[in-house]
Amino acid sequence: MKPLKATATTSKPVLTTEQIDTIFFMIQDIFEIHKEFYDALSPHIQQWDEKVTVGHLFQKLVSPPATLCPARHT
């Protein structure tokens, strides 16, 4: 992303710094969430059969962490 941000200060920027910040807002957090999901999903895919379920992985993905809503996790 550094090369993209570097162009924002040139005379012909691809995107402005504000546009880059908007497009890539929280990109590291999004990457981490997707990586955790992929890492949890991967073993299930490798052992796939008609009995494998993955719904719990999707539920975990959309459930807020306990630190954001402690009452839901007691």
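Q: How many helices and strands does the chain contain, and in what order do the elements run?

A: In this predicted model, the chain has four helices and zero strands. From the N terminus, the order of the elements is α-α-α-α.

Q: Why are α3 and α4 called roughly antiparallel to each other?

A: The axes of helix α3 (residues 27-46) and helix α4 (residues 55-62) cross at roughly 170° and come within 10 Å. Angles over 145 degrees count as roughly antiparallel. The two helices are therefore roughly antiparallel to each other.

Q: Which residues make the contact between α3 and α4?

A: Helix α3 contributes I33, F37, A40, L41 and H44, while α4 contributes H56, L57, F58 and L61. By class, the residues of this contact comprise seven nonpolar, two polar and no charged.

Q: Which residues does L57 touch, leaving aside those up to four places away in sequence?

A: L57 touches F37, A40, L41 and H44. Contact here requires heavy atoms within 4.5 Å.

Q: What makes F37, L41, V52, V54 and L57 a nonpolar core?

A: A nonpolar core is a set of buried residues of the listed nonpolar kinds, joined through side-chain atoms within 4.5 Å. F37, L41, V52, V54 and L57 form the largest such core, with five residues in all.

Q: Why is M26 called partly exposed?

A: The relative accessible area of M26 is 43%. Buried means under 20% and exposed means over 50%, with partly exposed in between. M26 is therefore partly exposed.

Q: What share of contacts between residues at least 6 apart in sequence joins residues at least 24 apart?

A: The share is 9% of those contacts in the chain.

How values were computed: Residues numbered from 1 in each chain as written. Predicted model: local features only at pLDDT ≥ 70, side-chain atom pairs only at ≥ 80, totals over all residues. Heavy atoms only, no water. Axes fitted to C-alpha atoms, helices over the stretch in contact; angles between N-to-C directions. Parallel < 35°, antiparallel > 145°, perpendicular 65-115°, else oblique. Nonpolar A, V, L, I, M, F, W, Y, C, P; charged D, E, K, R; others polar. Buried < 20%, exposed > 50% of the residue type's maximum accessible area, 1.4 Å probe, protein only.
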